[in-house]
Amino acid sequence: MSLDPTYLDYPRRGYGQDMDRYDWALAKDRAPVRLASGAQVAAMIVVACEHHVIDPKKSPFAHPHGMVTPFPDLRHFTSRDYGNRVGVFRILEALRARGLTATFALSSALLERAAPLVDAILNDGHEIAAAGLHGDAIHHSGLSEDEERAMIGQVHEAFAAAGLEPTAWLSPARQQSFNTPDLLTEAGFTRVLDWESDSVPLNLRTANGPLAALPLFNELEDFKLLVERKQDEALWTRQILEAKDFLKSEHASRGASVLGFQLTPFVAGQPFRISALEALLDGFAGDEAVWCAGAGDIIGAFEAASP
Amino acid sequence: MTADPNLYDYNPYSGRPKIEWPGGKKLAFWIAPNIEFYEFDPPKNPKRPGWPRPAPDVTGYSQRDYGNRVGHWRLMEMMDRHGLRGLVSLNVAMCDHCPEIIEACAARGWEFFSHGVYNTRFSYEMDEAQERAVLADSIATVEAATGQRIRGYLAPALTHTTRTLDLIAEHDFWYTCDLFQDDQPQPVKTKTGKLVSMPYSLEVNDVITYGQLAMDPWRYADVLKRQFDQLLKEGEASGTVMCIPLHAYLVSQPHRLRAFETALAHITGHSGDVWFATAQEIAGHFREHFWDVVQDDLDEKGLNTGGTAFDAWAAS
């Protein structure tokens, strides 16, 4: 038994990245970003309101938050839906009480179904981002370019029909195809939350101009820590606050950075987790070095400050 | 896009009409001991094996049996000490296998709802007549054993068909424990009847907390206290429901029960604000006083989308 000889060909072996979306550049070598406001850490809280359909195709894989048991999985459908009708309002209240601004990434499937949620998010001054059609509409390289273009087009149309024009995009399950960045800019999106390559906004090269990637740390996601890794609430919030304090400690030498983390309403919005979430948000609201803002404002501030 | 199963209307948690519990209580609290029978050698369901391992799964079977022989009695005595009644989620074959348990619960004024015949007989692939037979069996078996007409349903092992909700509504069940979308009772969109989704607090079910989330006994107690504190606080604006779904084979293990009791003591220490009830009482109160209030509010807000559960599936 042996592999095809081409298996040991290395056509992209050379200095820097093995793809063309962005160039190799070391964080330590760039001029530190000094935000005009003096903020040391830009906290990007992403509240991911995804609709998880009850009859998913699970192609090419199941969304980690989606259905688990055979159809009809009332258990997971309704416990996910809990997040978007009950839990998310606890998160909104906790943010409002502290004057914090976040980015709410919504499946387009929710726009009509949960219209009062959209109103509540906008009334509180948060940014809305697009999170694809629904949790099971996964973008992947098994789709043709036209299929994926149609999916993104449907999302864009649904938001437009709701009077919204989000500029930021979060892919379902944070999965992309090789074409996704090009198709996103073709549809007018200019920011993306799937790539976490750098600690400051990073422009991806696309066929239609730049797509700014903002780091959303997958290892700080509530579902991953609390559900998949079975950590407790104190450990979950301690790690996020530790990240904040560490980034502050780097500010003098490395400049301002972005701390992105995801709250998932059916996880963070549980009654028994709200006190932990409130303590976490107190840690952000009470820290003058930290600025909580929507993705668009964060990009704007970094662009304005870039040398 | 995939159709919405249309189980209920979207109802945002903020700005709801105020639900009031009897005596001005803020939170309706109920305990659901699951009293279950898992067969030693169950028949195969095409969608799910009876046990994760090939039968006989001796460890799994015997731990559940420990729950019935030892654990249930510990839990029941502890609830007696705190003056709490259970609303039993019952595999109705328990009435045949272990009648002493059923008699002891009934003698205390506990109530029952059906959790299917066995926890190893799943609803997947049942035809309508078979599903009706399970419901008729449930009603008749509990009635014969206790004289009670059951009004609630939690599908065995949380396995369903698209007909389940309509069938239980048709059999004059008042509530389902299978829907986890809310912390308040809510109307379910069935073809007939007034079926209420009863909060069953799956996230604090001991199967989820000890098993899936790997909580230690003391953390589980802490989670229950925090769950209670938050829902009690919110119950000021509009009455909330908290359930603790339990399994004696888990919570009544010798390393767990004392930590759990601290949570019960915390909750019973707030008796001035808490309606200690059964789901049947909560569902009855909601149906009588708040079903129309919630429906009218949904209508006013333009959130009533019409239709019934799974109608898009029936049409296709």
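Predicted model: local features only at pLDDT ≥ 70, side-chain atom pairs only at ≥ 80, totals over all residues.

User: What makes β2(B) and β3(B) a pair?

Analyst: Pairing needs at least two bridges. β2(B) and β3(B), residues 111–114, have four bridges, in the parallel sense. They therefore count as paired.

User: How do you know that β1(B) and β2(B) pair?

Analyst: Two bridges join them, again in the parallel sense. The rule asks for at least two, so the pair qualifies. In this pair, B:N34 stands opposite B:S89 of β2(B). The chain gets from β1(B) to β2(B) through helix α1, residues 58–81, in a right-handed β-α-β crossover.

User: Why is β2(B) called covered on both faces?

Analyst: Buried means under 20% relative accessible area. B:L87 and B:S89 on one side are buried, and so are B:V88 and B:L90 on the other. Both faces therefore count as covered.

User: Why is the meeting of A:R113 and B:D4 called a salt bridge?

Analyst: The cut-off is 4 Å from a side-chain nitrogen of Lys or Arg to a carboxyl oxygen of Asp or Glu. Here the N to O distance is 2.1 Å, so the pair passes. Across the interface of chain B and chain A, the rule finds six salt bridges.

User: Which element gives the largest share of chain B's side?

Analyst: α7(B), with eight residues.

User: What area is buried between chain B and chain A?

Analyst: About 3,800 Å², with 59% from carbon and sulfur atoms. B:Y10, B:E203 and B:R226 lose the most on the chain B side, together 18% of what that side buries.

Conventions:
Residues numbered from 1 in each chain as written. Chains lettered and ligands numbered in written order. Heavy atoms only, no water. Buried < 20%, exposed > 50% of the residue type's maximum accessible area, 1.4 Å probe, protein only. Right-handed = clockwise from strand over helix to strand, strands pointing away. Buried area = accessible area lost by both parts, 1.4 Å probe.
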